[in-house]
Amino acid sequence: MSRIGKKPIDIPAGVKIAVEGNVVTVEGKGKLSFTLPQHVAVAVEGNQILVSQTDEAREASAMHGLARSIINNMVIGVTDGFKKVLAIVGVGYKASLSGQKLTLSLGFSHQIVYELPATIKAEVTPENQITISGCDKQLVGEVAAEIRRFRPPEPYKGKGIRYVNERIVLKEGKSVG
């Protein structure tokens with residue numbers, strides 16, 4: 001039995017949970033749904049969600065904890081939401097946002113235009129920071145990773161796109177001698 005899976009999930013006020021067959025739907029500021037893996041069952045009792053194993057297969061324990069974590073992240077996402085902040089470091093590197101299109105100038109001969117998914121919101125600050133927010137934790141992280149992949153930080157001067165709390169270890173350049 002999974003230690004994480006055993007913990008009940010509290011349902012905050014304003015959040016609706018629906019369990020239909022093996023699909024769990026969570027609704028609040030947004031709407032998210034998740035198809036349960038095999039060997040896992042979900043029950044809503046009062047203001048708590050209980051995730052349980054249906055059998056004792058080896059895979060069941062792992063899926064038990066996974067399903068509980070995903071449902072917990074869905075509840076957090078529709079109440080508070082998730083966000084990632086990216087910093088653009090480099091002379092002449094900048095970003096602008098128009099609607100759901102993020103335009104990046106990253107030292108290439110062309111600008112990069114990235115179409116944001118419909119459920120993701122982005123903000124660009126004058127300090128060259130991009131804040132990506134949404135209710136789906138996996139999608140927020142994936143969008144941030146895709147944007148970072150356009151120009152990852154290089155190891156000599158640290159130029160590129162990085163997460164705000166990311167630490168880049170800089171290498172020493174060539175020494176003449």
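This is a predicted model: local features need pLDDT of at least 70, side-chain atom pairs count only at pLDDT 80 or more; totals for chains, interfaces and linings use all residues.

Me: Where is H39 found, and is H39 buried or exposed?

Reply: H39 belongs to the loop between β4 (31-35) and β5 (40-45). Buried means under 20% relative accessible area, so H39, with 19%, is buried. Its side chain makes a polar contact with the side chain of D55, at 3.0 Å. Not counting residues up to four places away in sequence, H39 touches S52, Q53, T54, D55, A57, E59 and A60.

Me: How does one check the length of a helix, for instance α3?

Reply: The expected span is 1.5 Å times one less than the number of residues. Helix α3 (residues 137-149) has 13 residues and should therefore span 18 Å; its end C-alpha atoms are 18 Å apart, which agrees. For α2, with 22 residues, 32 Å is expected at 1.5 Å a residue, and the reach from the first C-alpha to the last is 33 Å, close to that value.

Me: Which residues of α3 are buried?

Reply: The buried residues of α3 are V140, V143, A144 and I147. Because they cover an arc of only 95° around the axis, they lie on the same side of α3. The face turned away from this buried side carries the exposed residues Q138 and R149.

Me: Which strands do the buried residues of α3 pack against?

Reply: They pack against β7 (82-89), β9 (101-105), β10 (112-115), β12 (129-134) and β13 (160-163). At the start of α3, there is also a contact to the backbone: a side-chain oxygen of D136 reaches to within 3.3 Å of the backbone nitrogen of Q138.

Me: Which residues of α2 are buried?

Reply: In α2, the buried residues are A60, H64, G65, A67, R68, I71, M74, V75, G77, V78 and T79. T79 lies in this helix, which comprises residues 58-79, and counts as buried at 18% relative accessibility. The side chain of T79 reaches the backbone oxygen of V75 at 3.0 Å. A polar atom of that side chain also lies 3.0 Å from the backbone oxygen of I76. Not counting residues up to four places away in sequence, T79 touches P12, V15 and K29.

Me: How many aromatic pairs are there, and how is such a pair described?

Reply: A pair of aromatic rings is described by the distance of the centres and the angle of the planes. The count comes to 1 aromatic pair. Y114 and F150 form this pair, which is edge-to-face, with 5.8 Å centre to centre and 70° between the planes. The pair links distant parts of the chain, 36 residues apart: Y114 is in strand β10, while F150 is in the loop between α3 and β13. Y114 counts as buried at 10% relative accessibility, whereas F150 is partly exposed, with a relative accessible area of 26%.

Me: Which ring does the charged end of K84 sit over, and which ring face does R151 lie over?

Reply: The charged end of K84 sits over the ring of Y163, 5.4 Å from its centre. R151 lies over the face of F108, at 4.3 Å from the ring centre.

Me: To conclude, what surrounds I11 through contact?

Reply: I11 is found in the loop between β1 (9-10) and β2 (16-20) and is buried, with a relative accessible area of 15%. Leaving aside its neighbours within four places in sequence, I11 is in contact with I17, V44, N47, Q48 and I49. The C-alpha atoms of I11 and G90 are separated by 44 Å, with the two residues 79 apart along the chain.

Definitions and conventions: Residues are numbered from 1 along each chain as its sequence is written. Side-chain values use heavy atoms; hydrogens and water are left out. Helices (H or I, at least four residues) and strands (E, at least two) are DSSP runs, numbered from the N terminus. Buried means under 20% relative accessible area, exposed over 50%, partly exposed in between (1.4 Å probe, protein chains only). The arc is that of the directions from the helix axis to the C-beta atoms. Contact means heavy atoms within 4.5 Å. A polar contact is a pair of N or O atoms within 3.5 Å; within protein, one must be able to donate a hydrogen and the other to accept it, and residues adjacent in sequence count only if both atoms are side-chain atoms. Rings of Phe, Tyr and Trp (its six-membered ring) pair if their centres lie within 6.5 Å; planes under 30 degrees apart count as stacked, over 60 as edge-to-face and the rest as tilted. A charge sits over a ring if NZ of Lys or CZ of Arg is within 6 Å of the ring centre and within 35 degrees of the ring normal.
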